[in-house]
Amino acid sequence: MVLKILDQFRGIFGKFGVDYDVMRKILQVKLIMDGRRVPTIMSNSSKKKDETKNKDENKFIKSLWVYGLLGIIMLPFVLMGENYIFQMGVVFGILMFMITSSLISDFSSVLLDIRDKNIIFSKPVHSKTLSMAKTIHIFIYMFFITISVTGIPLLAALIKHGIAFFLLFLLELILMDLLIVVITALLYLFVLKFFDGEKLKDIINYVQIGLSITIAVGYQLLIRLFNFVDFTIAFTPKWWQYFIVPIWYGAPFEVLLHGNHNVHYITFSILAVLVPIVSIMMYIKLMPSFERNLQKLANNSMKGKTGKRTILGGVAKLICSGREEKTFFRFAFDMMKNEREFKLKVYPSLGFALIFPFIFIFNGLRDDGFESIASSRLYLNIYFCALLIPSVVMMLKYSGKYKGAWIYRVAPLKDMVPIFKGALKAFIVRLLLPVYVIESVLFLSIFGVRIIPDLFVVFLVMLLFIVICFWMFGRSLPFSEAYETAQQSEGLMIIPLMFMLGALAGVHYACSLVGYGVYVYMAIVLLLNVVAWKKGLSIGWDKLNK
């Protein structure tokens, strides 16, 4: 359907020196291939068996309803009144974040496609035709995402504010999309100018992680937003607001619909129109430089960092016993650091662990005040750090490079315990400890040094909880299975583990009510850790070895 609509503009492309038939064929192949890719926004709900049943389904089109649901959060701002500079500024702020994140996370392969050089340029295809195909390819996705996200708000705007508001809203969406594409491309160009392709791939991966965290946690923050916003807002223009791009898109509504000819509003409106147009012209001019720098993506070299390796070796000597355990500690540490698919599936849990404790503290802060919070036992919310433990322990056995697991069988090992211990300790050092240290420092600044013994207890409980999760999820070798083999039943096992963690936190709370109870609990948990880490990981390894 997209290509048939595009056919109506064949003559326009011809006037720009583009071979339309070749461009159409390139687009057709690209759209077919992209339809098979699972978008980040649906990655957690996609199952391998469903993919095999419906190989020809366009997963991007299927994901658009999720974007539509996300667009509902803008409805209150569209309908709330006629303070357009505020309302539409917030709407375009949300839109720019959502669309930019989606563009970077799911369609970076469109912007950063270097296969064209090797495949298409070997054929009689002009560079202008290829560049136009890539540009149209990008804007096709931008159109679908933008319409999906803004479909409901646009309809609400038409009903509430009329046709003039609707048309202005639609025009500004087009200008916004132009600006987003150019900003994203220029960001990539800047990174590629000074760094190699690996750095850019890392940036894209972290944006994907950020999008997952935002979708999962955003509704929590949105619910609490309305407790802080005063809807009788008087907007006072300041010089620094010229750098807040969403404000540009709110100003034309005031100028054209309210007749507000304030010099600041007029300037914002000019920027909203002029900057996207100038940006797209700059993008066209810099396209050759961008294409040249894209070749750095073929460079996957990673420079060794001797200093960091020395530190890692020192940590391994400190917490690991035996050569085998140290070896697998370093191996698992490097896998967690470098494998992008693992990070994409696991790192959102780190975001949850960092954010959730403070969500509940902020609730108490709003109701009781800071002094009441500082003297309370809300510091036990730090147990939410342990939310990442079950998901990470469950995912430790999966890898995109799982076929390399044959190395476990040929390695001269007497048993598998050093592998398990090394991998779990790498998880503690690489992922758990940094999150817990950050949380502990912030909690100490809120609750004071009185909670230091409690922080030690929480960390010991988390170490014990790691072994419990290891028992629950079975003793599969680390990074030895494909992600596609993950079963939904494994995810359901996290629920009883959460109840178990709650029980451990409840015991901690009860002990804190008794004098020296925290220290008694600390001694008990320390003893349990010694037994669990010394004996617990070896249970059942002989069955696995068979």
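**Helix packing, salt bridges and exposed spots**

Reader: At what angle do helix H15 and helix H20 pack, and is that parallel or oblique?

Author: In this predicted model, helix H15 (residues 323-338) and helix H20 (residues 417-447) pack with their axes 7 Å apart, at an angle of about 45 degrees. Axes are lines fitted to C-alpha atoms, for helices over the stretch in contact, and angles run from 0 to 180 degrees between N-to-C directions. Angles under 35 degrees count as roughly parallel, over 145 as roughly antiparallel, 65 to 115 as roughly perpendicular, and the rest as oblique. H15 to H20 is therefore oblique.

Reader: Which residue forms a salt bridge with Lys-425?

Author: A salt bridge needs a side-chain nitrogen of Lys or Arg within 4 Å of a carboxyl oxygen of Asp or Glu. Here the closest N and O atoms are 2.6 Å apart. Lys-425 lies in H20 and its partner in H15, so the pair ties together parts 100 residues apart in sequence. The partner is Glu-325.

Reader: Is Glu-325 buried or exposed?

Author: Buried means under 20% relative accessible area, exposed over 50%, and partly exposed in between (1.4 Å probe, protein chains only). Glu-325 has a relative accessible area of 3%. Glu-325 is therefore buried.

Reader: Which residue does Arg-24 meet in a salt bridge?

Author: The N to O distance is 2.8 Å. Arg-24 lies in helix H3 (residues 20-34) and its partner in helix H1, so the link spans 17 residues in sequence. Arg-24 is partly exposed at 22%. The partner is Asp-7.

Reader: How many residues of helix H18 are buried?

Author: Helix H18 covers residues 388-395 and is mostly covered. Its buried residues include Leu-388, Pro-390 and Met-395.

Reader: What is the phi of Phe-479?

Author: Phe-479 sits in the loop between helix H21 (452-472) and helix H22 (488-492). With a relative accessible area of 3%, Phe-479 is buried. Phe-479 is not a glycine, yet its phi is positive, at about 60 degrees.

Reader: Where is Tyr-516, and is Tyr-516 buried or exposed?

Author: Tyr-516 lies in the loop between helix H23 (494-512) and helix H24 (517-535). Tyr-516 also has a positive phi, about 65 degrees. At 69% relative accessibility, Tyr-516 is exposed.

Reader: What do the numbering and the confidence limits rest on?

Author: Residues are numbered from 1 along each chain as its sequence is written, and side-chain values use heavy atoms, without hydrogens and water. Local features need pLDDT of at least 70, totals for chains, interfaces and linings use all residues, and side-chain atom pairs count only at pLDDT 80 or more.

Key:
Helix = DSSP H or I, 4+ residues; strand = E, 2+ residues; numbered from the N terminus.
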